[in-house]
Amino acid sequence: MFALVLFLLWVIFSDDQSGTSSAAPTCSGVGVAHDVLPSVVTIKSNGGAGAGTGSGEFIDNKGDVLTNNHVISNAANGGTIVIILSNGDVASATIVGRDILTDLAVLRADVTPAQSRPIHFDTSGNVQVGQQVFPVGAPLGLSDTVTTGIVSNTGRTVRVPADNGRTALLVSALQTDASINPGNSGGTLANCDGDLVGVPTAGATAMDSAGGQMGGSIGLGFAISANTAQTVSNELLAHGRVTTHSYLGVSVSTVSSSPTGPWGLYVTGVSAGSPARQAGMRTSDVITEINGAAVRSADDLETMSLTNKPGDKVVLTYQRDGKAATVTVTLAAQPS
């Protein structure tokens, strides 16, 4: 018997919603490779947590490179980062900013404008289930590798490990059966036009009955959407951090009323001065709906924080002492 286990794609430091079902175009990978490879780089990072390899792409002609936070987090405190361009040129890079919550980061490489050919983002939101896509990156350190597959689904929510025991949440992620392996992290998931539709970030692996990893791609990978990647990278370039994540100010645990699944979030704590406290939320309240949608897990609460901005209002339905109530909460900025 084998089990499928999601794991972070792949900090190799030495170590739902369906899309539309209409027909999607297919294409030759030759043109895509020609257009995309000059924009994609291999990233080698070295720091106290070890050394690793990942991928990234130029997002402007100033040398700014988008990648996953987990690719470079080992070098965040005094480590070194270099990038390798598709023509073999090597350049040093520094961290502009990184966001643990979405597992994205931006580097600035010491290159000329002529060397930094920016990738084009497809933020139209028109990605279709079944359309052909091409992961481009450096799996297992093999630079300039292009694979292909289809978009298996869209709108996935996937939780992955992050720094210091924390986790990141991939919201509205793309699922693909294209071959993605350690080292593809942070690279480009391109469409037939050579545009970035996602950033390959997480994948699944088969486990044997003893809990050992079987290794290799099994056709179940996830990519951060182009919309999220562009929004976060713009924030990192402007501020060095993301200022648009919102904050409610509660700690919760999932509770269940039946074997079929959870029905709410039990509030175990309410932070002083938080939007939740100001709205009158209390410890032991049970949040059952967010903006009219049933709550299934704590991921729903974090998704709300990542998809709403400070100042946005959300309606929470909750139970207190066996009685249902609603409250409108004005979200704040995440504490720095």
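Visitor: What should I keep in mind about the model and the numbering?
Guide: The model is predicted, so local features need pLDDT of at least 70 and side-chain atom pairs count only at pLDDT 80 or more, while totals for chains, interfaces and linings use all residues. Residues are numbered from 1 along each chain as its sequence is written, and side-chain values use heavy atoms, with hydrogens and water left out.

Visitor: Which way do strand 2 and strand 3 run, and how many bridges join them?
Guide: They run antiparallel, and eight bridges join strand 2 (residues 40-47) to strand 3 (residues 50-58). Strands here are DSSP runs of E with at least two residues, helices are runs of H or I with at least four, and both are numbered from the N terminus. Two strands pair if DSSP finds at least two bridges between them.

Visitor: What joins strand 2 to strand 3?
Guide: A hairpin does, through two residues.

Visitor: And how many bridges are there between strand 2 and strand 5?
Guide: Five bridges, again in the antiparallel sense, pair strand 2 with strand 5 (residues 80-84). Ser45 stands opposite Ile81 in strand 5, and it also stands opposite Gly52 in strand 3.

Visitor: Turning to helix 1, which residues are buried?
Guide: Val32, Ala33 and Val36 are buried in helix 1 (residues 29-36). Buried means under 20% relative accessible area, exposed over 50%, and partly exposed in between, with a 1.4 Å probe and protein chains only.

Visitor: Why do they line one face of the helix?
Guide: Seen down the axis of helix 1, the buried residues fall within an arc of 100°, so they line one face. The arc is that of the directions from the helix axis to the C-beta atoms. On the other side of helix 1, Val30 and His34 are exposed.

Visitor: What do the buried residues of helix 1 pack against?
Guide: They pack against strand 2, strand 8 (132-137), strand 9 (145-146) and strand 12 (188-190). Contact means heavy atoms within 4.5 Å.

Visitor: Next topic: how many salt bridges are there?
Guide: The count comes to five, where a salt bridge is a side-chain nitrogen of Lys or Arg within 4 Å of a carboxyl oxygen of Asp or Glu.

Visitor: What does Arg98 form a salt bridge with?
Guide: Its partner is Asp163, and the closest N and O atoms are 2.6 Å apart. Arg98 lies in strand 6 (residues 90-99) and Asp163 in the loop between strand 10 (149-161) and strand 11 (167-176), so the pair ties together parts that are 65 residues apart in sequence.

Visitor: Is Asp163 buried or exposed?
Guide: Asp163 is buried, with a relative accessible area of 10%, whereas Arg98 counts as partly exposed at 27% relative accessibility.

Visitor: Which residue pairs with Glu302 in a salt bridge?
Guide: Arg159 does, with the closest N and O atoms 2.9 Å apart. Glu302 is in helix 5 (residues 298-307) and Arg159 in strand 10, 143 residues apart. Arg159, Asp299 and Glu302 are linked in a network of salt bridges.

Visitor: And what about Asp285 and Arg320?
Guide: Asp285 forms a salt bridge with Arg320, the closest N and O atoms being 2.8 Å apart. Asp285 is in the loop between helix 4 (275-278) and strand 18 (286-290), and Arg320 is in strand 20 (residues 313-320), 35 residues away. Asp285 counts as buried at 0% relative accessibility, and Arg320 counts as buried at 19%.
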